[in-house]
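Visitor: I have a model open and would like to walk through it. Can you start with whatever term I need for the strands?

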Amino acid sequence: MDLNYTPEQEAFRAEVRQFLDENLPDDIRERVQKRLRPDKAMTERWQKILFDKGWGASTWPKEFGGTGWDPIQQIIFEEECALAGAPRQLDFGLRMVAPVIMTFGSDEQKQRFLPGILSGEDWWCQGYSEPGAGSDLASLRTSAKREGDHYIVNGQKTWTTLGQHADWIFCLVRTSTEGKPQQGISFLLIDMNTSGIEVRPIIMLDGEHEINEVYFDNVQVPAENLIGEENQGWTYAKFLLGHERTGLANVGQWKALMKRLKTVAREEQDGQRPLIENTRFRDRLAQLDAELRALELTVLRVLTDKRGPGPQASILKIRGTEIGQQLFEMLMEATGQDAIAHIPEALELDYSGPRVGSVDATPAAGDYFNMRKLSIFGGSNEIQRNIIAQLVLGL
Amino acid sequence: MNFDLTEEQQMLNDSLRRFVTNEYSFEKREAIISSGAGIDRATWANFASMGLLGFTFPEDYDGLGGNAIDTMVVMENFGRGLVVEPYLATVVLAGGLIRDAGNDAQKADVLPGIASGERLLALAHSEPGARYNLSQVQTTARKDGDHFMISGQKTAVLHGGQADQLIVSARTSGGIADESGLSLFLVDAKAKGVRVDDFATHDGHRTAEISLSNVAVSADNLIGTIDEAFPVIEKAMDLGIAALCAEAVGAMEAMNATTLEYIKTRKQFGVPIGKFQVLQHRMADMFIQTEQAKTMAILAASEADSGDRACRREAISMAKTLVGQAARYVGQEGVQLHGGMGVTDEMFAAHLFKRLTLINLLFGDADHHLAQVSDNLLAASA
């Protein structure tokens with residue numbers, strides 16, 4: 001047992017850090033560190049820079065163009081990226097659909113879809129949830145009927161994050177109503193430019209357009225876009241959720257935010273003293289700092305476990321999202337009443353107009369509101385507790 | 001970076017697990033506790049023959065040259081079985097202190113005796129009113145020729161009543177709470193002027209209140225450098241905290257196991273109560289808290305031997321904070337999920353709860369250690 005990084009791992013960290021120093025554009029860094037509005041072009045630019053370096057997919061094996069890094073290297077990479085102010089890469093392609101294609105897809109599908117994900121040319125979104133199928137995902141009703149060499153898809157998906165930018169959507173669709181609900185589900189890749197697809201924005205409580213409804217009206221999808229076997233989609237979906245969950249711990253980003261929060265606590269004034277001298281605030285900061293340390297080490301412990309993460313990944317989702325939410329809440333509280341002003345135009349990089357309080361106050365409350373999603377999406381934290389109860393504890 | 005036990009540690013873990021399961025039954029433990037002796041000598045001799053009592057001592061002193069990770073493995077298992085023998089007091093605290101700060105003669109005198117199981121020691125440091133402030137010591141040691149004369153009052157001396165020798169902290173200079181001016185002495189528990197009041201604790205261990213009245217101690221029983229004992233005491237307490245964190249994790253895992261068993265078998269409304277989602281989620285939270293505590297116990301053990309004081313202290317305080325909070329949570333919830341049975345003396349869960357509660361109170365509770373982490377944050381920002 002040794003909690004120190006090896007000299008090789010430290011050297012790897014230095015290499016990543018140097019690359020980021022030299023290649024992360026200043027405007028992207030500024031946008032991320034000031035927590036400004038995310039931007040499609042920014043995400044694509046950054047993915048391209050990583051791709052050109054050969055680091056487009058830190059979690060993929062080499063045979064598909066990934067880095068082939070081990071879990072510790074992946075964590076070091078993510079952490080350094082977050083601390084440097086790099087934007088988060090798009091999970092939907094890289095961490096969600098790609099492992100499914102690699103594991104269950106045909107050779108043709110791998111050749112067709114993985115390169116676009118790696119280079120960032122193809123923007124993917126997720127078609128899981130429906131208005132009537134949230135936590136009870138298996139009750140989904142969007143149907144796909146086989147007609148010749150096509151499926152005809154009808155129905156509606158919702159909560160589709162960044163679907164407004166997407167070229168492709170991976171969907172769970174119902175191909176059979178026989179047997180248990182889980183048994184009639186298939187996993188289908190759909191081109192968002194197909195006629196019959198309509199994307200309508202859902203405005204979130206922070207006033208931002210991040211999520212969407214996606215409507216399917218007699219959408220023709222080539223049968224070759226089916227992953228694996230018909231009616232086996234539930235297996236692939238669960239596999240994907242396991243991959244999603246380990247990513248949701250998000251330790252690198254939370255460490256970067258914790259660093260920022262400590263700076264804000266030193267800079268914000270509480271009467272004649274810096275806020276950090278306020279014991280009540282600082283004790284809560286210390287508590288959160290300890291919890292983040294525990295999360296960081298628990299992630300490492302789970303990911304280096306030779307038995308593999310398994311249902312324990314649910315712990316990481318729960319704790320990761322709880323800690324993330326508390327970080328955003330404390331960032332808001334740190335800026336105090338300066339956080340009350342809603343100035344959406346100030347979330348753009350070129351904004352030079354008046355604002356209330358520091359630059360940290362501008363996104364503080366909006367981010368706090370927005371981040372309530374963390375404990376809800378990716379399988380709500382209550383669903384994660386069900387998973388622990390059933391799969392870990394055998395209840 | 002790896003979290004794996006070595007092959008030897010894995011074997012140690014397996015054999016301790018077997019020992020706790022097969023040879024340290026609930027009834028046997030009850031008998032040891034009600035004897036009032038605070039220790040079962042046969043069990044202790046067994047520990048000695050397994051090498052446990054000198055595990056972290058150098059090989060020159062009949063030890064095995066182990067480290068705090070080995071101690072963690074031992075304590076986790078002791079936590080699982082609620083072992084009441086004075087391992088923490090004698091081996092971890094006193095043995096660790098002599099190992100780290102004693103001179104050759106003292107190590108040769110004390111460590112083989114601990115390792116063989118023949119000698120018990122206790123650390124007499126805490127004083128009334130000091131609460132968790134390690135530097136507050138009013139017991140005095142006055143130089144008198146080639147002796148020191150020690151007078152004062154010590155409280156919460158774990159297994160002090162069973163000890164053959166006491167390690168006593170005393171002020172040789174400075175003000176009441178100064179870090180400098182503290183010294184440590186090896187004192188015979190039967191020396192003239194030592195009065196020991198031995199008490200049971202709620203969790204089956206023993207504690208003593210000890211008063212020293214002009215106790216004469218020869219100068220060669222001074223441990224380490226005069227006036228400079230504070231870092232030694234702090235380090236020994238950190239080893240103790242790391243060990244307590246591991247013990248708590250073992251007790252929490254046992255609490256989860258026994259609670260899980262209970263809610264799978266106890267039926268109400270025609271079904272096992274574990275079928276109720278409200279209980280499932282609470283059980284899941286107990287599991288999450290325990291896993292987080294386990295991580296922090298590993299961190300504490302990894303840093304406990306470290307000479308980098310700032311790193312060690314931060315890790316130890318973060319660990320004791322989260323482990324203390326988890327111990328409270330898992331303890332209370334374990335009792336609650338047992339319903340009425342949870343508040344009876346016959347249930348293992350009740351005894352686990354009591355030990356978990358007292359672990360939080362020992363060597364600084366969660367509030368105390370959170371304040372340490374918090375003050376470090378302030379210091380780091382200055």
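Guide: One term first: two strands pair if DSSP finds at least two bridges between them. This is a predicted model. In chain A, A:Leu188 stands opposite A:Leu226 in E8(A).

Visitor: Which strand does E8(A) join, and by how many bridges?

Guide: E8(A), residues 226-227, is joined to E5(A) by two bridges, and the two strands run antiparallel.

Visitor: And E5(A), how many of its residues are buried?

Guide: Six of the seven residues in E5(A), which covers 185-191, are buried.

Visitor: What about E4(A) and E5(A), parallel or antiparallel?

Guide: They pair in the antiparallel sense, over seven bridges.

Visitor: Which way does E1(A) run against E4(A), parallel or antiparallel?

Guide: Parallel, with four bridges joining E1(A) to E4(A), residues 168-174. A:Cys125 has A:Ile169 as its bridge partner in E4(A).

Visitor: Which residues of E1(A) are on which side?

Guide: A:Trp124 and A:Gln126 are on one side, and A:Cys125 and A:Gly127 are on the other. All four are buried, so both faces of the strand are covered. As a rule, side chains in a regular strand alternate between the two faces of the sheet.

Visitor: Different spot. Where does A:Gln109 lie?

Guide: A:Gln109 is in helix H6 of chain A, residues 107-119.

Visitor: Why does A:Gln109 count as partly exposed?

Guide: A:Gln109 has 19 C-beta neighbours inside 10 Å, and a residue needs 20 or more to be buried.

Visitor: What does A:Gln109 touch?

Guide: Leaving out residues up to four places away in sequence, A:Gln109 touches A:Ile101 and A:Ile227. A:Ala166 is 57 residues from A:Gln109 along the chain, and their C-alpha atoms are separated by 18 Å.

Visitor: Zoom out. How many helices and strands in chain A?

Guide: Chain A has 12 helices and 10 strands. Its radius of gyration is 22 Å, close to the 21 Å that the globule rule gives for 395 residues, so chain A is as compact as a globular protein of that length. The C-alpha trace spans about 75 × 50 × 50 Å along its principal axes.

Visitor: What share of chain A is buried?

Guide: Buried residues are 42% of the 395. As for contacts in chain A between residues at least 6 apart in sequence, 72% join residues at least 24 apart.

Visitor: Which domains does chain A have?

Guide: The domain assignment gives domain 1 (7-89), domain 2 (124-231) and domain 3 (248-392). The centres of domain 1 and domain 2 of chain A, taken over C-alpha atoms, are separated by 30 Å.

Visitor: What does UniProt list for residues 125-219 of chain A?

Guide: An unreviewed UniProt entry lists "domain: Acyl-CoA oxidase/dehydrogenase middle" there. That stretch of chain A is 0% helix and 51% strand, with its end C-alpha atoms 17 Å apart.

Visitor: Now chain B. Where does UniProt put the N-terminal domain feature?

Guide: The unreviewed entry places "domain: Acyl-CoA dehydrogenase/oxidase N-terminal" at residues 6-118 of chain B. Those residues are 70% helix and 0% strand, and the end C-alpha atoms lie 29 Å apart.

Visitor: And how is chain B divided by the domain assignment?

Guide: Into domain 1 (7-119), domain 2 (123-227) and domain 3 (231-381). The centres of domain 1 and domain 3 of chain B are 22 Å apart, taken over C-alpha atoms. Their contact takes 20 residues from domain 1 and 24 residues from domain 3.

Visitor: Which helix gives the most on the domain 1 side?

Guide: H4(B), with 10 residues. On that side, H4 (68-81) and H5 (87-101) of chain B each supply at least two residues. The side divides into 12 nonpolar, five polar and three charged residues.

Visitor: Last one. How many residues are in contact between chain A and chain B?

Guide: 38 residues of chain A are in contact with 31 residues of chain B. On the chain A side, H8 (251-267), H9 (279-303), H10 (313-335) and H12 (381-392) each supply at least two residues. H9(A) gives the most, with 14 residues.

Visitor: How do the residues on the chain A side divide into nonpolar, polar and charged?

Guide: That side has 18 nonpolar, seven polar and 13 charged residues.

Conventions:
Residues numbered from 1 in each chain as written. Chains lettered and ligands numbered in written order. Predicted model: local features only at pLDDT ≥ 70, side-chain atom pairs only at ≥ 80, totals over all residues. Contact = placed C-beta atoms within 7 Å. Nonpolar A, V, L, I, M, F, W, Y, C, P; charged D, E, K, R; others polar. UniProt positions renumbered as here; feature names shortened; annotations may be inferred. Domains from an automatic or database assignment. Rg over C-alpha atoms; globule rule 2.2 N^0.38 Å. Buried ≥ 20, exposed ≤ 12 C-beta atoms within 10 Å, placed from the backbone.
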